[in-house]
Structure formats: structure tokens, C-alpha cells
Amino acid sequence: MSVPLHQTRHRALLPVGLPDVLPPDAGHEAALMERLMASFASHGYQRVKPPLLEFTDSLLAGIGADTTLSHQTFRVLDPQSGMMMGIRPDFTPQVARIAGSRLSQAPRPLRLAYCGQVLRVASSQIQPERQIDQVGVELIGASQPEADAEIILLAANSLAGLGIISLSVDLCMPTLVPTLCQAWGLDPDTTERLRQALDRKDAAGVAAVGGEPALVLGRLMAAAGLADGALETLEAMPLPAAAEPDRQHLAQVVRLVRHAAPHLMVTLDLVEYRGFEYQDGVSFTLFSRGRGGESGSGLELGNGGRYRAGATQDIRGEKDIPGEPATGFTLYANAVVKTAPPPEARSQVYLPHGTDPQKGEQLRADGWVTLAGLALLAEAEAKAEAIRLGCGFIVTSRDARPVKLADDGSAKTSTP
Amino acid sequence: MTAKSEPVQEELVLALPKGRILDELRPLLDRVGIIPEPEFDNDNSRHLKFKTNLPHLSLIRVRSFDVATFVAFGAAHLGVAGNDVIMEFDYSELYAPLDLGIGRCRLSVAEPVALSQTDDPQRWSHVRVATKYPEITRRHFAARGVQAECVKLNGAMELAPALGLCHRIVDLVSSGATLRANGLKEVEEITAVTSRLIVNRAAFKTRPEELHRWIETFREATHAP
């Protein structure tokens with residue numbers, strides 16, 4: 001038996017998946033999130049700020065009571081109201097709630113953006129973080145392929161704006177396989193077996209089902225790859241008529257995205273489902289190809305897709321409100337930070353005690369980072385103090401410009 | 001092939017399991033056209049990563065359970081692992097597109113012969129099971145309303161019932177000779193096992209042409225006479 005955690009605990013020990021983020025990473029992350037939000041704002045996406053916790057009744061109405069996300073929701077009892085509250089595991093249900101209630105009269109399509117933290121109950125080895133910084137948008141009240149294309153391109157362009165060049169977008173249509181299974185009249189057990197085999201891209205498992213479903217799904221699965229080729233396969237396939245709307249919508253979105261961003265790498269996976277249980281239309285995952293310095297396996301930066309905003313079920317589980325067509329995406333700050341080039345380091349200058357405040361004002365306006373000396377020191381000591389605090393420069397009474405500090409004591413004036 | 005037009009082709013790592021499966025894999029690697037550096041066949045080598053005749057392809061040789069982990073984390077892009085290992089971890093980042101048809105065996109529940117004659121599985125609420133596969137075991141028993149309390153062992157499972165550690169084991173069975181020699185009887189097969197070619201999900205999505213080409217090459221080699 002291992003020693004209980006409370007007996008060995010060090011004061012600095014934090015729970016799994018809840019790390020401290022230190023300088024310069026915390027600052028870098030915040031700056032990147034701001035730039036993403038600015039990009040969304042420039043496309044007309046206005047920021048909303050839902051609360052960290054809300055009553056589970058309303059939070060889970062949009063998530064579904066017995067779903068992966070509902071099991072990922074931390075719950076606490078509100079001592080004030082005596083009601084159960086949940087800490088949001090995701091922003092989308094909250095934004096959808098806002099759109100369907102307080103902003104129900106706002107003109108459609110409604111473009112909203114958000115930035116903040118979500119909390120999940122369980123972490124995995126691969127995704128250890130439980131507190132996740134998310135930034136994203138929702139486009140509510142539009143069902144056209146143009147809306148899907150806008151969202152995909154906004155995500156890709158905003159990430160490209162951070163200097164992430166090796167971007168790749170994987171498109172999928174999570175409703176296609178369920179629609180096909182229903183059209184073929186497959187029983188729930190067979191559908192579930194197919195689902196598991198498709199999730200693992202297990203060709204043998206799909207073939208084991210036999211008949212037309214195995215043949216068609218096998219070919220759809222094998223078609224996964226660069227969008228143009230995969231789309232050609234999809235369009236040439238004889239499919240039940242029920243799958244026609246999905247096929248046409250997806251084809252249209254691929255064309256719009258390929259036309260608007262011919263150099264963006266776009267792949268298509270026609271049988272993807274895992275992680276898109278809430279989606280009911282064109283969905284996508286954003287990857288960075290290769291992670292700087294490490295292996296070339298790629299890193300997931302975010303995902304998104306089409307859903308029904310505000311669709312809720314009543315207590316009896318009947319679908320009451322169909323909601324509005326919507327699409328959106330979420331980017332994960334921790335993944336974006338790993339991929340985006342680091343910001344340019346700004347020069348730090350030490351202002352010895354007693355430096356004219358206007359001098360500091362001017363330097364900051366010129367782009368310097370100033371560190372004010374809090375104690376009066378002789379010149380040689382002030383220089384040593386500046387070096388100790390990591391400043392590359394110091395202000396002196398003799399020189400108009402900050403003087404560069406070198407470890408050997410020689411000094412030169414310079415600009416930031 | 002677009003891979004050739006790229007200025008620098010990125011490295012590709014293939015993870016292979018040590019031991020019995022590796023011997024069965026070698027003829028397949030020959031047919032695929034992968035020739036490892038000579039050091040790969042030196043069992044006493046301290047190397048863990050090996051070059052091949054293909055400049056961008058290297059091999060790593062790790063424990064069979066670790067193959068799945070290396071590939072799921074993207075540290076290796078391709079690998080060979082049994083579906084027992086794939087099921088045990090159930091990593092969402094793993095694809096298993098091809099059954100290589102080697103390493104055939106089954107994952108089964110076994111118990112002492114004497115017990116199997118009197119035991120009534122209908123009455124179980126909790127069972128204690130020694131296994132290398134606690135997740136699969138828990139899921140398997142939970143599906144019929146039985147809580148499996150697993151004792152994780154890394155080998156010599158067959159010893160556990162004889163020494164009173166527990167009554168039942170869940171382990172790989174090929175001929176059944178080891179079970180018989182230890183007075184155990186196979187009472188239920190959980191799944192048939194073969195080795196699969198596995199691929200990292202992100203690599204599959206972001207390097208589709210290259211990885212499709214590898215999957216196809218392995219498929220042809222698997223089906224070759």
C-alpha cells in the first residue's frame with residue numbers, strides 16, 4: 001500500500017492537472033490570447049463573459065445529463081441557495097444559453113467570442129491538464145456552408161496571425177456514419193461495433209460487419225487524407241439518399257475553404273466521430289504539424305463544428321426545444337503557446353533611486369521595460385543591482401540614453 | 001510523391017515490441033523493405049533506437065505495452081501492438097488500421113480445474129483476479145454486473161491461484177499448455193488477439209500521404225503469400 005498523499009505532501013505540491021504557470025510563459029500565453037481575441041473582434045465577434053459556476057440544471061441542460069462532458073463537471077453545493085452548481089467544463093453551452101435567453105432578440109447571425117478557464121474532473125495521461133484555458137467563438141443562427149467556412153477560416157487565419165505556419169485542418173462530418181447506419185437499418189449493437197471499429201480506424205473490425213455497410217464504410221474510412229482526393233471519393237460513392245444533404249454540405253464547405261485559403265493544408269476524415277458527440281454537422285480539428293524540436297507527430301490546437309445552440313431536453317428526456325443552428329470553435333491556450341513563436345524579448349532598463357519620473361515615462365513610451373530602484377545606492381552598487389535583477393541597461397545622470405551593462409563593467413549607450 | 005518535393009523529410013519512428021512477436025515480424029519487415037542496422041539483431045545491444053536502410057525511418061524496440069504508449073504520445077508515429085494492449089489502454093490517439101495476422105492468441109479467464117466444477121458465476125458480486133490487464137478485466141466483468149478486484153502482476157500469472165493469491169486469472173493463452181501444467185482451466189475467452197499496425201492520430205492527420213503509403217505497403221506485405 002502506498003503512503004497516503006496527505007502524509008507526504010509538500011507545500012508546493014499541486015493537484016494533478018492544475019499547474020502554476022510562471023514568467024515568462026504566463027505573460028506569453030496572455031499576450032497570445034489577447035491577439036486571438038483581437039482577431040475575432042476584427043471579424044465582428046463580440047466578447048461575452050459567463051460566470052465560472054452556474055446551477056447544474058441550466059449548465060447541464062445544454063450539455064446533456066449523461067454525457068462525457070456532464071461526467072467531467074465539478075459539482076459544488078451552493079450554501080446560499082442550497083442548489084447544486086457546476087463549474088463549467090466548456091464554454092459553448094454557456095454561450096448558447098446566453099444566445100437563447102438574454103440575447104434571444106439580438107439580430108442573427110449572432111457572433112460571440114469568449115476567453116477564460118474551464119475545469120474538468122478527470123485528466124488523462126495524454127491530456128493531463130484539468131484547468132484548461134480556452135479561447136473561441138460561436139456563430140449562432142446561420143446554417144449555410146458559408147458559416148462553416150467563415151468559422152474554419154477564422155480559426156486558421158487567427159492562428160496563422162500568431163506566426164503558426166505549419167497549420168493543418170482536418171474536416172469531418174460526424175452525422176454521416178449514423179445517418180448511413182440508420183438508412184441501412186442496422187441494429188444498435190452492430191452500429192456500436194462499427195462505431196468502435198471506425199474510432200480506431202480498424203479496417204478488419206469494419207469488414208467483420210459484412211455486406212454493403214462494411215464495403216461503403218471501409219471505402220469511406222480508407223479515403224481519409226488530403227481534402228481534394230477524399231472529396232472525389234465521397235462524391236463518386238453511391239450512398240443512400242438520406243446521406244445526400246450531409247454530402248453536399250460538406251463538399252460545399254471544402255470548396256469554400258479551399259478557394260479562400262488554397263495554401264492551407266486541409267484533410268478530410270469521413271468517419272471521424274470520437275470527440276464530436278455534440279456536433280450535428282461539419283466539424284474540424286486544428287493541428288500544428290510537428291512540434292518545434294520534438295517529434296513530427298503534430299499537436300492538436302483546437303476543434304470546432306456545427307451544433308444546435310439552446311437545444312434542451314426536459315426531465316422526461318424528450319427533446320423540447322430544437323434550438324438554433326450554430327457553429328464555432330475552441331482553441332486550447334496551452335497547445336497554442338507550445339506552437340507559436342516566442343515573443344521578442346524587450347530590453348529591461350534599471351532606473352536608479354531618484355531618477356526623474358518623466359525619464360522613466362519617456363523610456364516606457366519608447367518601448368523599454370523599466371525597473372525602478374527602491375533604495376538609494378552608489379553608482380557601482382546600482383550597476384551591480386541592475387545586473388542582479390536581469391537588466392541589460394541602466395540610466396545614468398551623465399548619458400541621455402540608457403547605458404548598456406556588461407559583466408566586465410565597461411558600458412556603452414544603446415536603444416531598445 | 002509529394003514527400004519528395006518537401007525540402008526536408010521529417011523523421012518517422014516505427015516502434016516494435018521485443019520478444020516473440022518481433023521474430024514473427026521479421027519476415028514481414030523484409031517484405032515491406034525495411035532492413036534494420038546490424039546492431040538491431042544483437043540482443044545484448046544497449047542501443048534503444050536503430051537506423052534502417054531508409055534514411056528517414058528509424059526503429060525503436062520496447063516492451064509490447066510501451067509500443068502503444070510511445071505511439072499514442074506521438075513519440076513514435078507507427079508501431080506494432082496486439083489488440084490486447086490497444087484495448088487495455090483504449091487511447092483515443094491511436095488508430096489500428098491493419099491486422100497483421102501475426103502473434104495469434106486469445107485473452108481468457110482461467111481458474112483452477114476443481115473450482116470450475118463447483119463454481120456458479122451467476123452468484124458472483126465481486127471476484128478477485130490476477131492479471132496484466134486490469135482495465136480489460138474490470139470492463140469485462142462490469143458488463144455483467146460483477147466488480148472485479150484486480151491484482152496487477154507483470155508475469156507468472158499462473159502461479160497466483162496455486163499460491164492462494166486469488167482464484168482467477170485473466171491472461172494470454174495460445175496453446176493452453178502453461179494453464180494445464182498449473183492445474184488451470186480456460187473458462188471464458190474475452191477476445192481473440194492478433195498484432196495490429198498502429199498509427200498516431202495526429203501523424204495520420206497531418207502526414208496523410210506518407211502514412212497511407214506505409215499502411216498500404218504493410219497491407220500488401222501482409223497479404224502476400
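Mentor: A salt bridge is a side-chain nitrogen of Lys or Arg within 4 Å of a carboxyl oxygen of Asp or Glu. This is a predicted model, in which local features need pLDDT of at least 70 and side-chain atom pairs count only at pLDDT 80 or more, while totals for chains, interfaces and linings use all residues. Side-chain values use heavy atoms, with hydrogens and water left out, residues are numbered from 1 along each chain as its sequence is written, and chains are lettered from A and ligands numbered from 1 in the order in which they are written.

Trainee: How many salt bridges does the rule find across the interface of chain B and chain A?

Mentor: The rule finds 8; one of the salt bridges in the model joins the side chains of A:Arg274 and B:Asp90, at 3.8 Å from N to O.

Trainee: What area is buried between chain B and chain A?

Mentor: The size of an interface is often given as the accessible area lost when the parts come together. Here, summed over both parts and with a 1.4 Å probe, the buried area is about 2300 Å², and carbon and sulfur atoms give 52% of it. On the side of chain B, B:Phe73, B:Lys205 and B:Thr206 lose the most area, together 26% of what that side buries.

Trainee: And in the sheet, what is the order of the strands?

Mentor: Strands of a sheet pair through backbone hydrogen bonds, either parallel or antiparallel. With strands taken as DSSP runs of E, at least two residues long and numbered from the N terminus, and pairing requiring at least two DSSP bridges, the open sheet of 5 strands in chain B has the order 8-7-9-6-10, with mixed pairing. Strand 8 (147-152) and strand 10 (184-193) of chain B each have a single partner strand, so one side of each is left without a neighbour in the sheet.

Terms used
Helices (H or I, at least four residues) and strands (E, at least two) are DSSP runs, numbered from the N terminus. Buried area is the accessible area (1.4 Å probe) that two parts lose on being put together, summed over both.
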